[in-house]
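Here is a short briefing on one protein model. Look at the structure first, then read on.

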Amino acid sequence: SDYENRISFVKEQAEKVREFPEADIFEKNLNSFITHCYLDAEKHTEAIPYLKKEVDLSTPEKDQFYFLPIGLLIRSFRKTGEFSRAFKWNEKAIGLFEHASSFDKLNVLKEYAKLIRDSGEAFNWAYKAIIKELIDDLGFTEKLEDPIETIYSIDNTHRIWNKKLGEIVLK
């Protein structure tokens, strides 16, 4: 299949340049590329070990994109029906939010909202304060009533703002 061919090609090319001066960066980039090949093909089970390795190769204090693979782990475990593992990764992310940008927090909360929807579990009301912080920090106009709907609304507003910003930048 296409994703398997892409992964094979990348692994072959990676072996040619494996002696990269900054081995950790090389491994992160290689794992990230393989991860996204699997995710593009909706092969979440296969992506999970690579996502975990991305997290293991990073630290929240130093890596700007630390929370991206965690959000993708939450999504992958949710999509494979492994809700308890998805909740575990969500808790890990929330526990490290002192190192997260507001946009990282929004991404994790968006995955959490989908996890709540799909698992049927109850919303953790302790997260209400995080949602309120996002609204205040990023200047969203949403009112915090139903927390799940508020997360979806904030995410939608964020996507609209990003699209408009992209259009302005391209002009």
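How many residues does helix α6 have, and how far does α6 reach from its first C-alpha to its last? Helix α6 covers residues 102-119, has 18 residues and reaches 25 Å. This is a predicted model: local features need pLDDT of at least 70, side-chain atom pairs count only at pLDDT 80 or more, and totals for chains, interfaces and linings use all residues. Residues are numbered from 1 along each chain as its sequence is written, and side-chain values use heavy atoms, with hydrogens and water left out.

- Helices (H or I, at least four residues) and strands (E, at least two) are DSSP runs, numbered from the N terminus.
- The reach of α6 is close to the 26 Å expected at 1.5 Å a residue. The expected span is 1.5 Å times one less than the number of residues in the helix.
- In α6, 13 of the 18 residues are buried, so this helix is largely enclosed by the rest of the structure. Buried means under 20% relative accessible area, exposed means over 50%, and partly exposed lies in between (1.4 Å probe, protein chains only).
- Helix α4 has 13 residues and reaches 18 Å from its first C-alpha to its last, close to the 18 Å expected at 1.5 Å a residue.
- Ten of the 13 residues of α4 are buried, so α4 is also largely enclosed by the rest of the structure. Among them are F67, P69, L72 and R78.
- G81 follows α4, and its phi is positive, near 80 degrees.

**The largest pocket**

- A pocket is found on a 1 Å grid over the protein atoms alone: it is an open set of points where a 1.4 Å probe fits, with protein on both sides within 12 Å along at least five of seven lines, and lining residues have an atom within 4 Å of a point.
- The largest pocket has a volume of about 260 Å³. Of its 16 lining residues, L68, F103, N107, K110 and H158 are the closest to its centre.
- A volume is the space filled by probe spheres set on the points, and grid points are joined across faces, edges and corners.
- Helix α6 gives the most to this lining, with six residues.
- By class, the lining has six nonpolar, four polar and six charged residues. Ala, Val, Leu, Ile, Met, Phe, Trp, Tyr, Cys and Pro count as nonpolar, Asp, Glu, Lys and Arg as charged, and the others, Gly among them, as polar.

**The second largest pocket**

- The second largest pocket has a volume of about 220 Å³.
- Its lining includes K28, D63 and L68.
- Helix α2 gives the most to this lining, with four residues.

**Salt bridges**

- The whole structure has ten salt bridges. In each, a side-chain nitrogen of Lys or Arg is within 4 Å of a carboxyl oxygen of Asp or Glu.
- K28 and D63 form a salt bridge (2.9 Å, N to O). K28 is in helix α2 and D63 in the loop between α3 and α4, 35 residues apart.
- K28 is buried, with a relative accessible area of 18%.
- E111 and R78 form a salt bridge, with their closest N and O atoms 3.9 Å apart. E111 lies in α6 and R78 in α4, so the pair ties together parts that are 33 residues apart in sequence.
- Both E111 and R78 are buried.
- D118 and R117 meet in a salt bridge (2.8 Å, N to O). D118 counts as partly exposed, at 35% relative accessibility.
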